[in-house]
Amino acid sequence: DARVRWAHHGAPRGVSDILVADGGIGILRRVQPDGTVTTLAGQRGESGTVDGSGPAARFGVRTGCIARDRSQARLGVAGDGVGGIYISDVAEGTLRHVTAAGAVTTVASGLDLFTAHIAFDVTRQAVWMVGAATLLFVNVGDGAVTDTGLAGQTLAVDAARDMLFIGRQGDAVGIAGYALDTLTLRAGPISPLPTLPSQMAV
């Protein structure tokens with residue numbers, strides 16, 4: 001229903017519709033295979049953290065360049081495996097969930113996020129997010145947040161192999177891979193850090 005600004009999507013595969021989070025104006029759009037674009041949730045240009053359905057919901061709006069890694073996508077998205085998505089809202093410091101019908105709820109708030117990159121861990125029913133200092137692990141059932149102690153600017157979860165891949169700026173190799181079943185998550189940094197075939201060249 002309009003041109004998209006500062007959009008971010010979750011690398012969709014095998015889906016009929018694509019959901020796009022537009023951090024430039026704070027809305028979530030649905031793009032159908034025939035090119036039809038409709039607004040699923042949020043209100044154009046109105047910022048905030050308001051739960052609700054459709055236009056009653058509010059997301060953060062990008063307001064200028066804060067830093068190199070924060071200057072682009074302000075809303076990151078990841079599918080929940082059952083038709084909905086999770087949204088990483090950098091501007092508001094929140095993790096939101098949006099159903100296929102457009103109902104928006106807040107899972108966790110008060111997060112200090114560095115980038116909008118996000119990945120859903122279906123095995124643990126949790127979301128990995130990029131915090132200001134380290135990666136965050138958020139349990140979507142109760143909203144509990146764990147500081148993992150792992151550093152990185154981008155991330156992805158491979159559910160089939162149960163692995164977490166982290167992209168780090170400045171690394172000679174670029175991407176580190178960790179077997180998720182070797183990570184012990186607790187209320188603090190992961191200790192010790194996994195050593196598993198951890199470095200994977202790209």
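Serine 88 is found in strand E7, which covers residues 85-89; strands here are DSSP runs of type E with at least two residues, helices are runs of H or I with at least four, and both are numbered from the N terminus. The model is a predicted one, so local features need pLDDT of at least 70 and side-chain atom pairs count only at pLDDT 80 or more, while totals for chains, interfaces and linings use all residues. Residues are numbered from 1 along each chain as its sequence is written, and side-chain values use heavy atoms, with hydrogens and water left out.

Back to serine 88: this residue counts as buried because its relative accessibility is 0%. Buried stands for under 20% relative accessible area, exposed for over 50%, and partly exposed for what lies in between, using a 1.4 Å probe and protein chains only. Leaving aside neighbours within four places in sequence, serine 88 is in contact with Arg74, Leu75, Gly76, Thr94, Leu113, Thr115, Ala116, Ile118 and Met129. Contact here means heavy atoms within 4.5 Å.

Strand E7 also has its place in an open sheet of 5 strands, ordered E5-E9-E8-E7-E6 with antiparallel pairing. At the edges stand E5 (52-53) and E6 (75-79), each with a single partner strand, so one side of each has no neighbour in the sheet. E6 and E7 pair in the antiparallel sense over 5 bridges, and two strands count as paired if DSSP finds at least two bridges between them. Glycine 79 stands opposite isoleucine 85 in E7.

Next come the aromatic rings, of which the structure holds 2 pairs. Rings of Phe, Tyr and Trp (for Trp, the six-membered ring) pair if their centres lie within 6.5 Å; planes under 30 degrees apart count as stacked, over 60 as edge-to-face and the rest as tilted. Tyrosine 86 and phenylalanine 120 form a stacked pair, at 5.3 Å centre to centre and with 25° between the planes. Tyrosine 86 belongs to strand E7 and phenylalanine 120 to strand E10, so this pair ties together parts that are 34 residues apart in sequence. Both tyrosine 86 and phenylalanine 120 are buried. Tryptophan 128 and phenylalanine 137 make an edge-to-face pair, with 5.0 Å between centres and 75° between planes. Tryptophan 128 is buried at 0% relative accessibility, and phenylalanine 137 is buried at 9%.

Tyrosine 86 turns up again in the largest nonpolar core, which has 16 residues; Tyr86, Leu95, Leu111, Ile118, Val127 and Met129 have the most contacts inside it. The elements giving two or more residues to this core are strands E9 (103-108), E10 (113-121), E11 (126-131) and E12 (135-139), and E10 gives the most, with 4 residues. A nonpolar core is a set of buried Ala, Val, Leu, Ile, Met, Phe, Trp, Tyr and Cys residues joined through side-chain atoms within 4.5 Å. Not counting residues up to four places away in sequence, leucine 95 touches several residues, including Tyr86, Thr105, Leu111, Ile118, Val127, Met129 and Val138.

Alanine 176 and glycine 152 are 24 residues apart in sequence and 9.1 Å apart in space, C-alpha to C-alpha.

As for the whole protein, the secondary structure comes to 0 helices and 17 strands. Of the 202 residues, 47% count as buried. Among contacts between residues at least 6 apart in sequence, 39% join residues at least 24 apart.
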